[in-house]
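Have a look at the sequence and structure, then read on.

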Amino acid sequence: MVNAGRIDPWSSEQSTDYRRIVEKFGLSSVDSTQLPNPGMLHRRGIVFAHRDLDVIVGCMHSSDPFGVLTGLMPSGRMHLGHSMVIEQVRWFQEQGADVTVAVADLEALATRGTSLDKGRKTAISEYVHNYAAMGLDPEMTSVYFQSSRPEVQRLAFTLGKRTNISEFEAIYGFDGETNLAHVQAPLVQVGDIIHPQLEDFGGLRPIVVPVGIDQDPHLRLTRDIAQKTNWFNVKPRKSGGLTIALSLQENNHEQLGVKPDGKVDINSRNNLVDRIGILLSNLGFSDITPNPKHGVIEIPGATLDDRSIIRTKMLSLERELGGMGILPPCSTYHRFAVGMTGDKMSSSKPETTIFMDDSIEEMTKKVKRAHSGGQPTVEEHRRLGGDVSKDVSFQYLQFFFERDDNALSEIRGDYESGRLLAGELKQICIDKATDWLNDLREKRSQWDGRLSEFLAPDAI
Ligand code: TRP
C-alpha cells in the first residue's frame, strides 16, 4: 500500500517507541512466557504486539483447529524482511495451524502494474520456493491467487457495504485524489483475511494474521467489518457477566423476529431467545435473564474467559440461520530490522537488505559496509565497549542468523564489554549468514520442480 496507515516504524528505527504504538492503536503486548514453545522472534521481543492472540493460544492448548493467513506481493525479490512473517507462520504451523497463503496478484496488478502472468511466476519462483525451503509443510499449506479465487473477490465486493469513504480516510489517510485501486486493494485483502472461515475453506475457526506493524490498518478495517456483519454481539456487562445483544441488519429481520413493519414478532423472537437459552444451558450457564422484547440476553455468571466459547456458539447459530458467522481475525505484529544502510529494507534498493538468494560475496560486501556500534579506536572500544543497539551485524544475528539465545547473549556481553571488536562481530555475522544462506540454498534445491504441492486446486 502507498500509505498503509499512519504508523511509520521506520521513522528512526532505534527511537521508535513500540510501547506507544501498542497504546495508541489499542494493541496488546506479547508476553512470550504465555506461549507454548515460544519461537525465537517471541523470546526476543521482536513479535511485540497482538490482537486476540489469546484466542489462538486457547486453541493450541485445547487442540482446537485454527488457521494462519498470510499474503505476499508478487513483485520484486524475497529478502530477509519478508522472511520474518514466514518464520512465524512456520511456528504457528508447528503448533497445529493450517496455513493459507494469498498471492496478492490483483493488488500487484492494480497498484504496481505487475501482469498476472509475471505475478504468478514471481510468486512461485521467489516466494513459494523460499517458503518451502524455510520449512512450511505442503500438507498443511495452501497457496492461492486473488485473481483465481472468486469467493475472495465476492467478499471484497459485498463486504464493501460495511464500510465507507470516511472510514478509509480515517484509517488510511485517503483523500479525494486517492486512486480507487488503493480502495479496492484493501477490500480484496479483507476478503483474503476472512475467506478461510467460509465453509469451503475450512469453516468457522479462529484465523491469525502475522504481519509487520505497518499492516495493522488492514487488520483494524477487517475486524471492524467482521464485527458489523455479526447478528449477535457478546459484550461485557457493566455490572459483571456478559450480554448477548441481537444486531438487526437489513438481511436478518425475519430470523431475528422482526416483522416487515419493524415491530417485534414476539412469538418468533421468543423462539429465538429460547434457542439461545438452550445453547447457553448446554454450555453450563443456568442463570440467564432473557429480555426478548429488547433482544438481549444477560448472563451474569459468565466471565470474560467465557466470551470466546459463547461467541463461537452464537456464530454457529448465525450460520444456521443464514448469516455469515465471522470471527474477527487475530493478529501479531513484529518490529523491523533496520536496513543494512540504516534506511529501510527495500527490494528496489539491493544494498539495504540481503536477498534469499544473494551470493556469499554479495552478503559479505553488505555486512562489511553496514553500520557498526563500535568505538572510533580500538583503545576506546576496549574501554567503553560497543553499542549493540546501533550495530547492524548484531541486529541481524538477533533477528535472523543466530538461533541460539545463549550464544547471542554471549556475543552481546563480549561486545558491550569491549572484548569483541566491531570487525570481529561483523565476521561472526558473515559466518552465521553464510551458513544460513547455504542451508536455504540447499533446501531450495530439494524443492525444485515440486512446488505445485503447495498450490491450492484453484491455483494450478
Ligand atoms: N497488502 C499486502 C502487502 O502489501 C499483501 C497482502 C494481500 C496481504 N493480502 C494479504 C498481507 C493478507 C497479509 C494478509 O504486502
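## Charges over rings

Let's start with arginine 77, which lies over the face of phenylalanine 355, 4.0 Å from the ring centre. A charge counts as sitting over a ring if NZ of Lys or CZ of Arg is within 6 Å of the ring centre and within 35 degrees of the ring normal. Arginine 450 is placed over the face of tryptophan 447, at 4.0 Å from the ring centre.

Some ground rules: this is a predicted model, where local features need pLDDT of at least 70 and side-chain atom pairs count only at pLDDT 80 or more, while totals for chains, interfaces and linings use all residues. Residues are numbered from 1 along each chain as its sequence is written, and side-chain values use heavy atoms, with hydrogens and water left out.

## Rings that pair up

Searching the whole structure turns up 11 aromatic pairs. Rings of Phe, Tyr and Trp (its six-membered ring) pair if their centres lie within 6.5 Å; planes under 30 degrees apart are called stacked, over 60 edge-to-face, and the rest tilted. Tryptophan 91 and phenylalanine 92 make an edge-to-face pair, because their ring centres are 5.0 Å apart and their planes stand at 65°. Tryptophan 91 is buried at 6% relative accessible area, and phenylalanine 92 is buried too, at 0%. (Buried means under 20% relative accessible area, exposed over 50%, partly exposed in between, with a 1.4 Å probe and protein chains only.)

Tyrosine 127 and tyrosine 131 also pair edge-to-face, with centres 6.4 Å apart and planes at 85°. They sit four residues apart in helix α6 (residues 116-133), so about one helical turn separates them. Helices (H or I, at least four residues) and strands (E, at least two) are DSSP runs, numbered from the N terminus. Tyrosine 127 is buried at 2%, and tyrosine 131 is buried at 4%.

Elsewhere, Tyr396, Phe399, Phe400, Phe401 and Trp436 form one aromatic cluster.

## A four-stranded sheet

Now for an open sheet of four strands, ordered β7-β8-β10-β9 with antiparallel pairing. Two strands pair if DSSP finds at least two bridges between them. β7 (232-236) and β9 (289-291) are at the edges with a single partner strand each, so one side of each has no neighbour in the sheet.

Antiparallel β7 and β8 (residues 242-246) are joined by five bridges, and phenylalanine 232 stands opposite leucine 246 in β8.
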